[in-house]
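Thanks for coming, everyone. Please have a look at the structure on the screen, and I will walk you through a few places in it.

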Amino acid sequence: MTSVSDKTGNAIWIVGDLRTQRLWRQSLKVMAKAQPLAAQAQATIAMLLLGASEPDEAENRAVDLSACVAMDNAAREAVSHGAQTVYCIDHPQLAIPRTDIYARVLADLVQTRKPWLILTALTEFGRETAAFCAQRCRAGLIADCDELVLEDQQVVGRCPAWGGQILADITLAPGWPLAFVTVQPHGVALSDLGSDTGRIETIVPERIDFPDGMQLLSCAMEPAAARRLEEADTVIAGGAGLGDMRGFGLVRELAAALGGEVGATRPPVMNHWVEEQRLIGQTGKTVRPRLLITVGTSGAVQYTAGIMEADTIVAINRDPAAPIFQIADIGLVGDGGTLLPLITQQAKRLAMRRLADAACYIDGEGDQPRGGFGTMVRQLREARGWSAGELARKTGQTPDFVQQVETDQMSPPVAFILRMAQAMEVDPGTFLSKKEQAAIRDRRAQAYHQRTQNYSYATLTPDAENSHLRAFMVTIEPFLAHKPVAYKHEGEEFIFVMSGELEFTLGSKVHVLKSGESIHFNSDVPHKLKNLSSEETQCFVVLYTI
Ligand SMILES: Cc1cc2nc3c(=O)[nH]c(=O)nc-3n(C[C@H](O)[C@H](O)[C@H](O)COP(=O)(O)OP(=O)(O)OC[C@H]3O[C@@H](n4cnc5c(N)ncnc54)[C@H](O)[C@@H]3O)c2cc1C
């Protein structure tokens, strides 16, 4: 094993992450974790910052860098938190944080200045930079370390292993004096030393080698998932018991149905079923929801440390002796894979039921408080990650229509609720009352009878009062307007002109259809028909009604 005396340089470097203020604070915490080790090993601490004090505007136009921390501010802050040296590696082409480029620049610097340890925060960015650089420098790598200590003159990283069940002590083999370490940035307070003795050195690389065959096409900010998780009213957390990525998908489904946020224990994060910002617990987020549903989690203290402030905890675990039941308000002993889809389906039905109630109120039949319908539609849409355009497509409407519904400017037809239910994969029969189902059916039958009794309709589908699809032959007398049963109805319609000439007005748009021509339209839009010819006009009409 290598000892302190084998080390190449005498410095511990921390690679600062300037992409956001939150990540920058994590880098400062890594530095705070390194300080006791530096004191023990009589090493110095340096913070490395890569960036551009004068970014190339033209190059970076497509990239939003507004969340990045300015390098000069960060340098001063690092000094105030105890960095003896800050290296600002400043080049216009380093403005966009990219691990492939940063690692090359960093590796060149490591090889010339020869530090002892190079630390990055345990983020995807830090992991990738450390691994890439360690390979280029032919150096060792201690991965995912919680704590760094000096034992018998050797640097030892305490690293959780086996999903956190054990702590492994990892050190460097003889002949590997230089090491990269990825460090967990939690569980340490920032040391505010108030020092101003640190030195800030600017290094301007002569040239930056861009890797071949790689091109930055676009760049987008990650959604603020972490903040949403910490502030959410409803959290659904999944654990190792869900088995795999697919099993974990059931947690996402339930979160979408309830409009909640997804959380996780460490194993799903380590297995990449879910991103690391979703980790709950001692080394992750603390959540404070009104409702927490935790599925396939054993109840390890490192996890429960992050959920104790939840108002109501519902735990699902197939093992009745699982420790999670000791802190749960409601416990369900069963298989997560079986229970989750049932709960999700029930949650969706309730959501649709509330929607139907709110719609009834708009129609003057119910006693729900006003103004809730549009908000509920928007919440359901957003919980499933649909844009207004997607909901419009799924419900056969226009984005404008959806926007008007969501802002309560329009009371939507019952067809909208039914189509929304279809999009959410809920059978209307399971959330509409018998009376409501009958009302829809009656309305359909009523319209059918009216049509068949109208002199100008000849039905081609007798006894179709209860079916959605009906066909008629419609005859309109010369130069006369057709007297329809309804100017608009929920569904779709197809008209084929068999003979004569038809003026067809759909909304504000007028179409002239000659014999042999046809039109297919959304029959929610008001429409009228008029015969333009001196003879009878005959049309073949197919209606699909909800
Ligand atoms: C220093 C340190 C820090 C740590 N920090 C954290 C942290 O911040 N957050 C964190 O989560 N962990 C952390 N850990 C890890 C922690 O100790 C646990 O290992 C981890 O929380 C266990 O996750 P789990 O409950 O999902 O998995 P397990 O402990 O493996 O539990 C899985 C559970 O699922 C149940 N199950 C299995 N199949 C099913 C099924 N089909 N249906 C229903 N239930 C099923 C099992 O009965 C079992 O109870 C840390 C560990 C260390 C050492």
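Start with Y448. Leaving aside its neighbours within four places in sequence, Y448 is in contact with A464, E465 and R470. Contact here means that two C-beta atoms, placed from the backbone, lie within 7 Å. Y448 sits in helix α15, residues 434-453. Helices are DSSP runs of H or I with at least four residues, strands are runs of E with at least two, and both are numbered from the N terminus.

Is Y448 buried or exposed? Y448 is buried, because 23 other C-beta atoms lie within 10 Å. The cut-offs are these: 20 or more other C-beta atoms within 10 Å is buried, 12 or fewer is exposed, and in between is partly exposed, with C-beta atoms placed from the backbone. One distance to go with that: the C-alpha atoms of Y448 and P462 are 9.8 Å apart, and the two residues are 14 apart along the chain.

A word on what you are looking at. This is a predicted model, where local features need pLDDT of at least 70, side-chain atom pairs count only at pLDDT 80 or more, and totals for chains, interfaces and linings use all residues. Residues are numbered from 1 along each chain as its sequence is written.

Now the overall picture. The chain has 15 helices and 23 strands. It has 546 residues, and 39% of them count as buried. Take the contacts in the chain with a separation of 6 or more: 67% of them are between residues 24 or more positions apart.

Next, helix α2, residues 71-80. Which of its residues are buried? They are M71, A74, A75, A78 and V79. Seen down the axis of α2, these buried residues fall within an arc of 140°, so they line one face of the helix. The arc is that of the directions from the helix axis to the C-beta atoms. What do the buried residues of α2 pack against? They pack against α1 (21-41), β2 (44-51), β3 (85-90) and β10 (199-203). Just after α2 comes G82, with a positive phi of about 110°.

On to helix pairs. First up, α3 and α4, where α4 covers residues 124-137. Their axes are 9 Å apart, and they pack at an angle of about 45°. Axes are lines fitted to C-alpha atoms, for helices over the stretch in contact, and angles run from 0 to 180 degrees between N-to-C directions. The two helices are therefore oblique to each other. For the terms: under 35 degrees is roughly parallel, over 145 roughly antiparallel, 65 to 115 roughly perpendicular, and the rest oblique. On the α3 side, the contact residues include Y102, L106 and V110. On the α4 side, they include F125, F132 and R136. By class, this contact has 9 nonpolar, 3 polar and 3 charged residues. Ala, Val, Leu, Ile, Met, Phe, Trp, Tyr, Cys and Pro count as nonpolar, Asp, Glu, Lys and Arg as charged, and the others, Gly among them, as polar.

The other pair is α12 (residues 388-395) and α13 (residues 399-406). Their axes come within 8 Å and cross at roughly 105°. That makes α12 roughly perpendicular to α13. A388, G389, L391 and A392 of α12 meet P399, F401, V402 and Q403 of α13. This contact divides into 6 nonpolar, 2 polar and no charged residues.

Now two strand residues. F494 is in β18, and I519 is in β21, residues 518-522. F494 is partly exposed, with 16 other C-beta atoms within 10 Å. I519 is partly exposed, with 16 C-beta neighbours inside 10 Å. Not counting residues up to four places away in sequence, F494 touches S518, H520 and V542. On that basis I519 touches I495, F504, H511 and L513.

Last, two loops. K114 lies between α3 (99-113) and β4 (117-121). Its phi is near 50°, a positive value in a residue other than glycine. F479 lies in the loop between β17 (469-476) and β18 (491-499). F479 is not a glycine, yet has a positive phi of about 55°. F479 counts as exposed, with 12 C-beta neighbours inside 10 Å.
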